[in-house]
Amino acid sequence: MITFEQVSKSFGTKENEIKAVQDVSLEINKGEIFGVIGFSGAGKSTLLRLVNLLEQPTSGKIIVNDQQVNQLSQKELRKLRSRIGMIFQSFNLFSSRTVYGNIAYPLKLAGWTKNKIDERVKELLRFVALEDKADKYPENLSGGQKQRVGIARALATSPDILICDEATSALDPETTDEILSLLRRVNKEYSITIMLITHEMHVIKSICNRVAVMENGKVIEEGQVFDLFTKPQKKTTKNFIRSVLNDQLSYHLYEKLKKEQRGRMFRIIFKEGVSNEPILSRTCKRYEVDFNIIYGNINELQERLFGSLIVEFIGEEKEVQRVIEELAEIVELKEMIEYES
Ligand SMILES: Nc1ncnc2c1ncn2[C@@H]1O[C@H](COP(=O)(O)OP(=O)(O)OP(=O)(O)O)[C@@H](O)[C@H]1O
Ligand SMILES: [Mg+2]
């Protein structure tokens, strides 16, 4: 649906070149929610703005709906842009227009009749649950309500693609979740492909199917969200994941546990949804070994469980060894001999 083929975009002069996007190749499939995550300045907004040609690529191809966007005539480009809705961190609403007026605006531009506009706007107001705010001005709305207007306006001309530039970054956590579930509905109920960029792993974890990690203009890692969470390769990816999983012990707590340690301490890593089985208790019982869960962090992602537990095994050395060997056949175990950061 959206293909980037070795796309680069530079700003500035030859002597002072800023390589905002460097040799990016990506394929975003119809119907998916694709996320791009990266720190500030990674090139995310530039990448997104290339989709509807708000930025011209320096080199490479961008193909949307089988059309190479950087080869379209002005007329074709206008048509393509009406198939791509866009929402922003700062909402970008017209302050001089009401909620109704904001949503109606793209339809007016497209030459719809008053009656048809009215019908469509009311339908969209219902979809974003703002029927009672139709006559209000943006300054009288909360951030979450403003973004709902932004979404309704972006959907007005029934696009097939919605691109979102940090759509929840200006919102508190609760409102973020409300907007994310609205985006999930946009994807499901209207079958709209979503490409979003964010610097928050929580957003990726909540709604994305696939994700690309960007750093210094490049995509450094890409894949299914579950795979990225359970098998991250790059340090930046690991850091982003850590921000939502919180599975590290502090050094202070680690030291304290080591002092009080009675048995061997392991981190047990669950990757493939086996963490809901009572494998620990079953195995330990068989060998008369006690176990003590010191720290636990099991997460749900796309209806699968993964995470880790820090467990101390207490018992006769030989028996403990047996338990560990048996568990190692089912789950990944790492003995905690020194502090890992
Ligand atoms: N119009 C422009 N002119 C010059 N440099 C630009 C322009 N737009 C972006 N850049 C530069 O390109 C790089 C990537 O910027 P971009 O806005 O794409 O990053 P980002 O990942 O969206 O960051 P943020 O999370 O802060 O929004 C930065 O170094 C930025 O300064
Ligand atoms: Mg940006």
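I began with the boundary between the domains (bounds from an automatic or database domain assignment), and I found eight residues of domain 1 in contact with nine residues of domain 2, contact being heavy atoms within 4.5 Å. The protein chain is divided into domain 1, residues 2-244, and domain 2, residues 251-335, and I noted 41 Å between their centres, taken over C-alpha atoms.

Before going further I wrote down the conventions: this is a predicted model, in which local features need pLDDT of at least 70 and side-chain atom pairs count only at pLDDT 80 or more, while totals for chains, interfaces and linings use all residues. Residues are numbered from 1 along each chain as its sequence is written, chains are lettered from A and ligands numbered from 1 in the order in which they are written, and side-chain values use heavy atoms, with hydrogens and water left out.

Next I looked up the buried area, that is, the accessible area (1.4 Å probe) that two parts lose on being put together, summed over both. Between domain 1 and domain 2 this comes to about 810 Å², with carbon and sulfur atoms giving 61% of it. On the side of domain 1, the residues that lose the most area to domain 2 are K205, F226 and T230, together 70% of what that side buries.

Helix 8 (residues 225-230) gives four residues, the largest share of the side of domain 1 that touches domain 2; helices are DSSP runs of H or I with at least four residues, strands are runs of E with at least two, and both are numbered from the N terminus.

Turning to ligand 1, I listed its surroundings (residues with a heavy atom within 4 Å), among them F11, F39, K44 and E166. An N or O atom in the side chain of S40 is 2.5 Å from an oxygen atom of ligand 1, a polar backbone atom of G41 is 2.8 Å from a ligand oxygen, and a backbone N or O atom of A42 lies 3.1 Å from one.

Last, I counted 15 salt bridges by the same rule, including the one in which the side chains of R83 and D160 meet at 2.9 Å, N to O. R83 lies in the loop between helix 2 (74-82) and strand 6 (84-88) and D160 in the loop between helix 5 (143-155) and strand 7 (161-165), so this pair ties together parts that are 77 residues apart in sequence.

Note on methods. A polar contact is a pair of N or O atoms within 3.5 Å; within protein, one must be able to donate a hydrogen and the other to accept it, and residues adjacent in sequence count only if both atoms are side-chain atoms. A salt bridge is a side-chain nitrogen of Lys or Arg within 4 Å of a carboxyl oxygen of Asp or Glu.
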